[in-house]
Amino acid sequence: MTCDLVSEYNLLKKLTVGYRSEHVYDHVALLKLLMPALQRGYIQEKYEIKKHRAMSVIDYGQTAEDHQSLLVLVKHTGLTLSQQKFRKIWERIQKLSTVSIPGQKRNAWVRYKQNYPKENNEWGDYQAHRKALGLISIGECSTVEEFEELFESYKNVKEDYASTLFNSRLIVFGMNRNGTPLSEATEDQTNSDRISPGRADSEDSGVTSDISPSESVTEPCKPTLTETKSDPSSSSTKNSEGKITFVSKKVVKKQESSPLFQSSPISTPPGTPVFRRPHSNSFTKESTGAEVLFFPSILDSQDLEEKLKEFIVSLFFVLEGKRLDRSFERHDRIQLLCAPFERKDYIGLDTDTKSFRKKCQGRLRKHLADLCLQAGIPGEAILHYETAIDILRPVNDTLWIGACYEGLASAAVVINYPKSATLSGLRRNFYSLSAKRGSSLLNEAKLRTGSLNNKTNGTESVPENLFKVAPDPTDIIEKYREALVNYSKFKGAAVIEIELSLKACRVLTMQGKHLQASSFLQNVIYINYNVSEEDKIIRYCTLSELYSDIGFYRKAAFFKRIAAMQCVSSPQATQQNWGQCYSLLVQVLEGYNIHHNPKDKHIGSDTGWPVLQSRVLNELIFSARKMGKIPLAIRHTTFMIQSLHQYLSLSERKDICRTLEQLTAQSDGNCQSLALDNGMILPPVPFTSIPFVKSFKLIRMRPHLEPVKLKKLGESASDTGPFIFTPLNLGMQRDTKDDGLMDFFLVARDLCEVQLQVYNPLPDELKVNQMGLMVEGVEIEPYPCNPSIPAETGPYLVKLLWRPKTAGDLDIIGYFTNVMGVKSHCKLKDLQQINLDKIMVKVIPQLPQIQLTTSLPKADNFLSGNDSEYVVTSGTTTLFAGQNMECLVTIQNNSFQPVEHVNVETNCKMDEREFLTQMFEWSMENIQSQLPLQPNSVMCFTLCIKGVSDFMSDTVNHETAEPQCVECLLRIEYSGGPGLQDSYCRQCAVNLSVDICPSVIIQAWDAIPAERPDHCYLVFDLLNASGSDLSVQHSTQTPTHILPGHTERIAVEIERCEFPSLPDNTHLRSHARQSRLANHYSTYLNQFVDIRWEMPSLKTCGKVSIDHIVWSDEQLNQIQISPIVWEVKLNGAFFPTTKSLDLSVMDCLDVVARVTINEEEFCNRSALLYVTCHQGEADCDNVTVVGVNTAFFETVKGGQDMLINPSFLIHCEGKYTVDIKCMVISSAEENTEQTFQYHPVQLDVTP
């Protein structure tokens, strides 16, 4: 009996560890239970107070939102369940991070942990979110005996956290849902029919009690520990002194006749065998209320999430009960809540003081705020936090004031940046040693940005009144700073201070305030706190990840590098430590802009810091050698020489080259990818800079012998499609790379050559072994070379010769070398200095050859442009604007293959094509008529060259006018024989250079009415800019002589016309549309205007074009057929010009104006016809009107003449203007009017 009491006492002692005075029990029952043990000396009379240790483990993954989460431990129980299965269940549990509470407009947020120190759990009174409220143990078994062991392990874990747990679950896989082994499924199915349907624990539910089969259910005197806060209905009480009292809890007896219930082994006489049932029907519920969930397998656990939701809901309601109990707790019964390291300070302290009571009240109010925040009431939590601060500030309770500020900031974050359920799975594992740029914290911040607008938390909307009580987002950091200042005063709160800095950093990162976030991270560095070596590694890795989140990549790499050095800081570092060091150093590379794979390097990014890069690579090489992995050391050494040789000193370059030769002597320096233990792949590092290839060029055949693909009908060689601009990068890292498709072809069995210009940057002579080409598609016969490049020299020409064996598509993708024992396959796509990814060339059959000449003199030099390599000859000439000339082009066949195809075209830019089409013309019919061209035969065709100009130059001084130089390639494409059958040809070109000198310049132009109303005059002011005398003539008129630099005016009479319809220009901009319209009118008018010029001294002539003249709207009205026909006579004569009419004082000016409306849209309307004579802008008294100068016509019919005949008597000399206008007035409903005006007539009145 004594042993039983001792075991009960030990169990009771474990369960009461960490319980405060509010956990009340029946003192009498405890004395009765422990009296025999006290008599035998098992228990001392005086209890020693357990020394609470400070929080030793830092949670580097804590966030501000964790303050609203319920902490649930998830434990891997037993040895049968594999880690892979546990990870699957863990992933499913993690997805259940929020649960909607039935009947409540609140959500329960859950935070899961696999490992949680008991020391941290003791801080639950200080910050409620640190208290483990739930336990989920996961295991696997197949028999009842295995389940007993599994259950015992589960109970041991539960006892460690019994002081704070609200509820727990044991999830068992490998057994039937009723708890029977899978082998007894048939028997259980039969027995299930005999079980009463009213039984409390249904087998179909998959939930049974967590009592072990070896334990009994009939213990009428066993004390049951119940917590007042978690079980409001308990019969336990608590006295005013806060002492622990006990009450006995009666257990409901089951039917003794049932084989399912047996007496407890404790009450069974010695020697009596214990009865055990082989399945779960013998299980009953323990007083703690924890349950067991059975599942046959992971695949057959579809309702696991629902069971867990019920479990989380139970935690929430227990928490809600605790919150309500705390809310209505009496002031005279309030106990002092303490942080673990504070308890020793309150031993023997006088509790009957006002400051002590205020501390109790303030700390309780702060604890109540924590519970409100976990219960989903952040607004009420903020009010409690503020009240607690007001209560605690007078008593200078600094530590708890800091906790209030931190809770206040967390509640503000929860309200201002609500987290939806979809983001719950984005949180990373902060204990992972791997970091990647672009972390999930930034992604979560982006996803939660929208929450500022809709203000949703989970599935419910945040009430608007919460935003009134919550601090502004800009004030959140001030709350964190206040908390940080208060925490920094206590050495025991170092862990809290570190975690607070990390939380504030994450909030600032979410707000985009990276500089302020860095200041909080800097504070973490300065906090002096002794932790284990492993914790230091995790600490530095966490700092590295957070610095990476705010874009401080170099500092992130610095701390990751410190973590790597921490792994091998001990002199007894093992190979495993070196492996961990190497793994962390590999992650550092990106922060220092070290990329083994050139594709990972961003275009335009900085090259990094060579000194730091050299150190990091040396550390990597040393770590790899310590690990005994020589291939990795060779790879990093190769990369160091490849990337940093230009930054190393002379001695360093010699040492690193010598090291590489030593390493390659131990292992082959192959060009294969290497896989690391962490899954990372180290790509091969080819020696693309040792030697450095400045140029890689496939040498062409003779320019006019290069075979090309025969173009389709109407296709131009420069047709590369439209240019489409986009500001998007689209992830392309090689925008400047060409497609590599050569615009020439090779011929099978001909000797081909690739030339490389190489440099040797090393201080020693570089011996390259077996340097040759890497090709695809066509088999070649290579001739490898072994160049020896002198030290620090270049460029050094290396020629790689080869012959294509057959015809087909040949791709030259790079070259191969063997340098210092390292085999390298250098691909062109990896060479930044080479503007090609690969060279693609076609090998084709034989083609004919021709010789091309022209009758023009050859140019001394010409500009090189696209396809200038095809040029075999040149021609130059000088023309005046508007002049035309002809030249003869001769083609001679010098081969043994007939020329069966010839095509001639100009090669130019897209924007110059239309201009050159007007400038150069030839007859393709004449060329085709002379085919086929037999061997040693000759064919000729005429090329017409025109001096195209806009005649609109702004240059007025003909002596300084410079000629316009036009250059283009006249490309001739020809083919025949076997090559033509395969649709290939050869091309050659003539470079034509034409200087266009100015002849006549149109300085001004106008359109005025003619004597006949259906005609008009086009007036041009022509400037002679040729430097020679010339004459200008229109049609059959008399030529007009113009001296150099002089201007003459000519008038061209044309019939008024209707312009053709304009194209749709809605997509053009306004000024472009106006220019296009002007060109359209001028081009149409050019067919009626034939202005010729002639220079007798140079025996040249040409034509003036008006294509580029821009006409105003008034001028177009004069040119177009007007809806109103004017017939105006002054003193009986028609006066159409814009010159002044000479009159004398007191002469009478007789005006006869006849107006006819022909357009139907202007008919059947009213019209007002009036004539005025004025001097300047206003009417004057110097003019007397004789007769009527205004006539109104109520309704004007089509073709009706409107006549007005006033006279004007002018009394004084001066300049006068006669205006004749016709105003067409619409109906009263439309109320619009339109005015037509005859061109003003100027009068010059003399005495």
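Let's start with Leu698. In this predicted model, Leu698 touches Met742, Phe744, Leu746, Glu753, Val754, Trp802, Ile812, Ile839 and Val841, leaving aside residues up to four places away in sequence.

Now the core around it. Leu698 belongs to the largest nonpolar core, which has 79 residues. Together with Phe696, Leu756 and Trp802, Leu698 touches the most other members. Which helix gives this core its largest share? That is α21, residues 630-644, with eight residues. There is also a second, separate core. That one has 66 residues, among them Tyr126, Ile477, Ala494 and Ile550. As background, nonpolar side chains tend to be buried together in soluble globular proteins.

Next, a sheet. Four strands, open, in the order β24-β26-β29-β28, paired antiparallel. The edges are β24 (850-854) and β28 (920-922). Each has a single partner strand, so one side of each is left without a neighbour in the sheet. On average, neighbouring strands here are turned by 25° against each other, direction ignored. Look at the pairing of β24 with β26, residues 884-893: five bridges, antiparallel. Within that pair, Leu852 stands opposite Ile891.

Last stop, Ser301. Find it in the loop between β7 (291-295) and α7 (304-327). Is Ser301 buried or exposed? Buried: its relative accessible area is 1%, and the cut-off for buried is under 20%. What does the Ser301 side chain have beside it? A polar atom of that side chain lies 2.5 Å from the backbone oxygen of Ile298. Further along the sequence, Ser301 touches Arg92, Phe173, Arg177 and Phe295, again not counting residues up to four places away.

Technical notes: Residues are numbered from 1 along each chain as its sequence is written. This is a predicted model: local features need pLDDT of at least 70, side-chain atom pairs count only at pLDDT 80 or more; totals for chains, interfaces and linings use all residues. Side-chain values use heavy atoms; hydrogens and water are left out. A nonpolar core is a set of buried Ala, Val, Leu, Ile, Met, Phe, Trp, Tyr and Cys residues joined through side-chain atoms within 4.5 Å. Buried means under 20% relative accessible area, exposed over 50%, partly exposed in between (1.4 Å probe, protein chains only). Helices (H or I, at least four residues) and strands (E, at least two) are DSSP runs, numbered from the N terminus. Contact means heavy atoms within 4.5 Å. Two strands pair if DSSP finds at least two bridges between them. Axes are lines fitted to C-alpha atoms, for helices over the stretch in contact, and angles run from 0 to 180 degrees between N-to-C directions. A polar contact is a pair of N or O atoms within 3.5 Å; within protein, one must be able to donate a hydrogen and the other to accept it, and residues adjacent in sequence count only if both atoms are side-chain atoms.
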